[in-house]
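Hi,

Here is the structure I promised to pass on. Have a look at it first, then read my notes below.

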Amino acid sequence: MIDKPSSPNRVLHVIGAMDRGGAETLIMNVYRAIDRSRTQFDFLVHEQRECDYDSEIESYGGKIYRIQRFLGPNLVSYVRKCRKFFEAHHNYCAVHVHIGSCAPIVITQAHRYGLFVIAHSHRTDAPLSFSSCLYKLATFPIRFLADYFLACSEQAGVDGFGKRVAGSDSFRVFRNGIDTDQYLFNLELRNELRAELGVDDSTIVLCHIGRFATEKNHKFLIDIFSNWLQVAPQSVLVLVGRGPLELDTRQKVESLGIGDKVHFLGIRSDVPSILMAADLFLFPSIYEGFGIAAVEAQATGLPCVISDTVPEIASLLPTTIQMSIDESPCVWSKAGIKLLNMRQCYDRRNCSRRVRELGFDINDIAQELISLYVTHQMMAE
């Protein structure tokens with residue numbers, strides 16, 4: 001029997017802010033699944049306000065440190081503050097970096113104290129633009145600096161670190177996992193949430209989960225739903241999330257005269273119940289690093305129509321269709337209707353188990369990550 005360490009090994013996660021985003025939710029899923037008496041997480045965040053997960057982190061014994069955002073012109077100041085941070089806090093078995101543009105600075109300063117640094121790519125390349133080119137330029141040095149590399153998909157690895165790194169022994173695809181037990185379809189939870197929404201059994205509930213940002217393609221999503229209503233008027237659309245384009249989305253909904261059909265739920269902690277209450281999941285992203293929301297939806301047995309920009313690794317079940325966003329909203333609607341007509345052909349309760357069998361359960365995935373942290377520490381000792 002192996003004795004537990006007198007104090008846990010500590011890992012530092014470096015990220016923008018611990019709000020309810022894809023990367024942040026993955027970290028928290030791992031954090032909840034690990035033995036925190038052996039391994040503890042601390043966080044270096046670039047946000048001064050309290051974020052969605054802060055209180056939960058502190059309840060688990062994690063420490064949250066705050067640093068100014070890197071904006072370019074404040075380069076000297078950011079480097080100085082980053083150096084001071086690691087001078088005061090360098091007793092980590094690993095530094096896990098989830099950010100982009102300031103990552104080369106963070107990695108360089110962590111290396112001053114001999115720390116093992118993992119760079120993690122959570123996204124594929126955005127469409128070509130001036131800002132995306134600047135981001136690519138700023139993040140390019142990461143491939144030469146980090147000690148180990150993780151990515152949510154092969155493409156995210158290639159886009160983030162280049163083909164040489166993605167083909168090396170210092171790289172692996174780290175699947176975005178979920179607690180599949182939480183997503184086991186439950187009819188009682190479905191009925192409770194539908195009652196909250198004020199819909200009866202005859203109403204079709206379409207659902208989308210994601211930040212109101214360009215890459216999530218809400219304008220196209222609303223066009224799909226507007227077209228859908230022409231075929232199935234007894235339907236509603238549920239939107240979970242927040243972001244800079246929420247007001248634009250609300251205005252588009254009102255301009256189409258469908259405001260009474262669209263529910264803006266904001267940030268929610270009961271995502272599994274919302275997915276269970278829904279009948280179809282729509283995910284027409286312009287680009288995605290992984291698309292964890294699609295995996296969550298499939299685990300509840302929800303039929304999904306998702307864009308072909310979502311990595312194939314996230315398309316798990318026969319009830320998921322991938323389509324091009326170049327197709328018309330009408331074509332997307334028809335694909336959704338086709339899936340709904342298949343509903344009687346499968347049992348939603350079996351889907352959580354299937355997602356676990358395919359390797360997306362967080363309990364297994366968390367152990368892979370802890371093994372990476374600990375194995376390096378043992379080698380260093």
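Predicted model: local features only at pLDDT ≥ 70, side-chain atom pairs only at ≥ 80, totals over all residues.

Residues are numbered from 1 along each chain as its sequence is written, and side-chain values use heavy atoms, with hydrogens and water left out.

Helices (H or I, at least four residues) and strands (E, at least two) are DSSP runs, numbered from the N terminus. Six strands form an open sheet in the order β10-β9-β8-β11-β12-β13, with parallel pairing (to pair, two strands need at least two DSSP bridges between them). The edges are β10 (262-266) and β13 (320-323); each has a single partner strand, so one side of each lacks a neighbour in the sheet. Over at β9 (residues 235-240), the parallel pairing with β10 runs over four bridges, and Val240 stands opposite Gly266 in β10.

Now to α7 (residues 154-161). Buried there (under 20% relative accessible area, with exposed over 50% and partly exposed in between; 1.4 Å probe, protein chains only) are Ala156, Gly157, Asp159, Gly160 and Phe161. What covers them, by contact (heavy atoms within 4.5 Å), includes β5 (117-121), α5 (130-139) and β7 (171-173). Just after α7, Gly162 takes a positive phi of about 95°.

Cheers
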